[in-house]
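Work through the exercises below with the sequence and the structure in view. Each task is followed by its solution.

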Amino acid sequence: MEEALLPRMDLKDEVAIVTGAGRGLGRWISQGIAKVGAWVVAADIDRKGAEKTGDEIRQSGGVAEPLEVDLTKIEHIEKMVSFTLDTFNRIDLLVNNAGVNVHKPMVEITPTDFEKVASVNLRGVYFCSQHVGRVMLQQGSGKIINIASVAGFLLRAGIPNSVYAMTKAGVMMLTKALAEEFSGYGIRVNCIAPGYFATPLVADRLEDPKTLGSILSSTPMKRVGQAMDIVGPVIFLASEASRFITGQTLFVDGGRSIL
């Protein structure tokens with residue numbers, strides 16, 4: 001019988017790009033993977049946010065390079081990939097975290113609103129994966145983790161979320177499609193679908209007592225997520241501990257998706 005071996009769960013000296021790294025989940029993810037050894041390119045449309053995350057990682061003894069990136073512009077994605085290769089000479093991990101939302105009923109959504117959400121949440125994820133995927137194909141290795149949302153799987157009455165939900169459902173299916181395409185080349189692609197976390201993206205909802213009550217009542221664990229709740233699953237999917245897992249969506253939602 002083959003001996004059961006303990007897989008590596010660190011990311012020592014692995015090069016990672018995290019989009020949307022300037023705040024919220026992206027900031028936590030960047031800090032978390034840096035603590036287990038990853039060298040992080042902290043990419044964000046907000047330069048100050050990216051620099052703050054980079055400074056925090058370096059102050060904790062980690063390696064980080066902040067970079068201003070607008071994912072709606074292909075030339076920025078190309079710059080991000082070139083910068084990472086010029087600085088670190090490889091890319092081992094891409095975390096497609098950046099996302100935006102517009103909190104309006106469907107009948108009030110404008111074409112501008114639609115483009116704002118879809119251009120980041122879908123188009124940005126697609127072309128980041130494409131450009132980084134080309135590098136990983138040449139390397140013969142790599143990991144892509146897409147951050148979707150439980151909203152791509154279910155909805156709750158009274159919370160309009162049409163465009164956001166559509167894009168996040170698309171990210172889940174894109175994860176499967178890319179996993180299949182890359183599976184023979186040493187590249188794993190997985191997805192995390194968070195529930196409600198205490199981040200700026202949903203701050204307006206969490207500050208409203210009625211909405212917060214509704215969120216907690218439909219979350220079996222009766223709380224919203226914190227930093228540690230997202231960092232652990234990302235490290236798991238980024239490390240050798242998940243070496244036989246690809247194309248999967250892991251719901252990190254306090255049980256919200258089981259109701």
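The exercises cover a pair of helices and then some salt bridges.

This is a predicted model, in which local features need pLDDT of at least 70, side-chain atom pairs count only at pLDDT 80 or more, and totals for chains, interfaces and linings use all residues. Residues are numbered from 1 along each chain as its sequence is written, and side-chain values use heavy atoms, without hydrogens and water.

**Exercise 1.** Describe how helices H1 and H8 cross.

Solution. Helices are DSSP runs of H or I with at least four residues, strands are runs of E with at least two, and both are numbered from the N terminus. The axes of H1 (residues 24-35) and H8 (residues 227-238), lines fitted to C-alpha atoms over the stretch in contact, come within 9 Å and cross at roughly 55°. Angles, taken from 0 to 180 degrees between N-to-C directions, count as roughly parallel under 35 degrees, roughly antiparallel over 145, roughly perpendicular from 65 to 115 and oblique otherwise. H1 and H8 are therefore oblique to each other.

**Exercise 2.** Which elements hold Glu-56 and Arg-27, and is each residue buried, partly exposed or exposed?

Solution. A salt bridge places a side-chain nitrogen of Lys or Arg within 4 Å of a carboxyl oxygen of Asp or Glu. Glu-56 and Arg-27 form one, with their closest N and O atoms 3.0 Å apart. Glu-56 lies in helix H2 (residues 47-59) and Arg-27 in helix H1, 29 residues apart. Buried means under 20% relative accessible area, exposed over 50%, and partly exposed in between (1.4 Å probe, protein chains only). Glu-56, at 18%, is buried, whereas Arg-27, at 26%, is partly exposed.
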